[in-house]
Amino acid sequence: MKFFYLSSESTATGEFEIHERNCPKIPSLAERSYLGPFVTSAEALKQARRFKPKAVLCSHCNELIHIAPIEATKVEDSNS
């Protein structure tokens, strides 16, 4: 589970960024609101859009989410 925060200040385009707790771009305590713990960023985004319809994932957090997972190696059957 990850912890998410919503920026209280909008970007130049009017969007409000969602950040994970360890994001290097997370705003100061005075400029963010705690969204809560979520399993996925999609859940955090859905919650944030209840308060700020123009909520988006921050570009740094979004990059981390789109890193492809390591594929499990196929174990060969010892009877083959």
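Helices here are DSSP runs of H or I with at least four residues. Ala42 has its place in one of them, helix H1. The model is predicted.

## Overall layout

The protein chain holds two helices and four strands. Along the sequence they follow the pattern β-β-β-α-β-α. Of the 80 residues in the protein chain, 30% are buried. Among contacts with a separation of 6 or more, 58% come from residues 24 or more positions apart.

## Strand pairing

Strand S1 pairs on two sides of the record of bridges. With S2 it runs antiparallel, joined by three bridges. Phe4 has Glu20 as its bridge partner in S2. S1 and S3 also run antiparallel, and six bridges join them. Here Ser7 stands opposite Arg32 of S3.

S2 and S4 pair in the parallel sense, over three bridges. Ile18 has Leu57 as its bridge partner in S4. S2 is mostly covered, with four of its five residues buried.

## Helix H1

Which residues of H1 are buried? They are Ser41, Ala44, Leu45, Gln47 and Ala48. These residues cover an arc of only 165 degrees around the axis, so they lie on the same side of H1.

The face turned away from that buried side carries the exposed residues Ala42, Lys46 and Arg50. Ala42 counts as exposed because its relative accessibility is 53%, and the cut-off for exposed is over 50%. From Ala42 to Val56 the C-alpha to C-alpha distance is 10.0 Å, with the two residues 14 apart in sequence.

## The largest nonpolar core

Eleven residues make up the largest nonpolar core. Among them are Phe4, Leu6, Phe16, Ile18, Leu35 and Phe38. Ala44, Leu45, Ala48, Ala55 and Leu57 also belong to this core. The elements that give two or more residues to this core are S1, strand S2 (16–20), S3, helix H1 (41–51) and strand S4 (55–57). H1 gives the most, with three residues.

Residues up to four places away in sequence aside, Ala44 touches Phe4, Ile18, Leu35 and Phe38.

A second, separate core has five residues, including Tyr5, Ile26, Cys58 and Cys61. Ile26 lies in the loop between S2 and S3. With neighbours within four places in sequence left aside, Ile26 is in contact with Tyr5, His19, Glu20, Arg21 and Arg32. Ile26 and Ser7 are 19 residues apart in sequence, yet their C-alpha atoms are 7.9 Å apart in space.

## Aromatic pairs

How many aromatic pairs does a search of the whole structure find? The search finds two. One of them joins Tyr5 and Tyr34. Their rings are 5.2 Å apart, centre to centre, and the planes are 55 degrees apart. The pair is tilted, because its angle falls between the cut-offs of 30 degrees for stacked and 60 for edge-to-face.

Tyr5 lies in strand S1 (residues 2–7) and Tyr34 in strand S3 (residues 32–38). The pair therefore ties together parts that are 29 residues apart in sequence. Is Tyr5 buried or exposed? Tyr5 is buried, at a relative accessible area of 15%. Tyr34 counts as partly exposed, at 45% relative accessibility.

## Charges over rings

The charged end of Arg32 sits over the ring of Tyr5, 4.7 Å from its centre. Arg32 also stands opposite Ser7 in the S1 and S3 pairing, and Arg32 is in contact with Ile26.

Phe16 gives another case. Lys52 lies over the face of Phe16, at 4.4 Å from the ring centre.

Methods. Residues numbered from 1 in each chain as written. Predicted model: local features only at pLDDT ≥ 70, side-chain atom pairs only at ≥ 80, totals over all residues. Heavy atoms only, no water. Phe/Tyr/Trp six-rings, centres within 6.5 Å; stacked < 30°, edge-to-face > 60°. Buried < 20%, exposed > 50% of the residue type's maximum accessible area, 1.4 Å probe, protein only. Lys NZ or Arg CZ within 6 Å of the ring centre and 35° of its normal. Core = buried A, V, L, I, M, F, W, Y, C linked by side-chain atoms within 4.5 Å. Contact = heavy atoms within 4.5 Å. Arc of directions from axis to C-beta. Pairing = 2+ DSSP bridges.
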